[in-house]
Amino acid sequence: MTDKGRRRFGFLGAAVERSAKASAKRTGDGRWRVTIPIETIAQATNDVLSFGPEAEVVTPEALRAAVSAQSAAIAALYAPRGRRRRTT
């Protein structure tokens, strides 16, 4: 999580913001590692994607895979014409 991403946690609700602040630890590359509660993989996928490149899912693997799949689908949608690939 980048500093910019950390400033956006309030948009996900008070419980997420409290958890993120309480668990925040600076990593060696200047980013932050945080732990936040999730209700479902589907909802968490949308929440993570709302951060764009400001956040990376480390665990759980099911969430990481879901974010990766949705990111690939979005990238395919915006690929230059003639180079689009179907991802579903």
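**Figure 1. The cover over the buried residues of helix α2.** In this predicted model, β1 (25-26) and β2 (32-33) are included in what covers the buried residues of α2. Helices (H or I, at least four residues) and strands (E, at least two) are DSSP runs, numbered from the N terminus. The buried residues of α2 (residues 14-23) are V16, A20 and S23. They lie on the same side of α2 because they cover an arc of only 80° around the axis, the arc being that of the directions from the helix axis to the C-beta atoms. An α-helix has 3.6 residues a turn, so residues three or four places apart point the same way. On the other side of α2, R18, K21 and A22 are exposed. Buried means under 20% relative accessible area, exposed over 50%, and partly exposed in between (1.4 Å probe, protein chains only). Residues are numbered from 1 along each chain as its sequence is written, local features need pLDDT of at least 70, and side-chain atom pairs count only at pLDDT 80 or more. Totals for chains, interfaces and linings use all residues, and side-chain values use heavy atoms, with hydrogens and water left out.

Figure 2. S23 is buried, with a relative accessible area of 16%. The side chain of S23 reaches the backbone oxygen of S19 at 2.9 Å. Leaving aside neighbours within four places in sequence, S23 is in contact (heavy atoms within 4.5 Å) with R33, V34 and T35.

**Figure 3. The largest nonpolar core.** Eight residues make up this core: M1, F9, V16, A20, A24, W32, F51 and A55. A nonpolar core is a set of buried Ala, Val, Leu, Ile, Met, Phe, Trp, Tyr and Cys residues joined through side-chain atoms within 4.5 Å. A second, separate core of five residues includes A44, V48, V57 and L63. In soluble globular proteins, nonpolar side chains tend to be buried together.

**Figure 4. The largest pocket.** The largest pocket has a volume of about 620 Å³. Of the 27 residues that line this pocket, V34, I36, E56, V57 and T59 are the closest to its centre. A pocket is, on a 1 Å grid over the protein atoms alone, an open set of points where a 1.4 Å probe fits, with protein on both sides within 12 Å along at least five of seven lines; lining residues have an atom within 4 Å of a point. The volume is the space filled by probe spheres set on the points, which are joined across faces, edges and corners. With four residues, α3 gives the most to the lining.

How values were computed
Polar contact = N/O pair within 3.5 Å; in protein donor to acceptor, adjacent residues only side chain to side chain.
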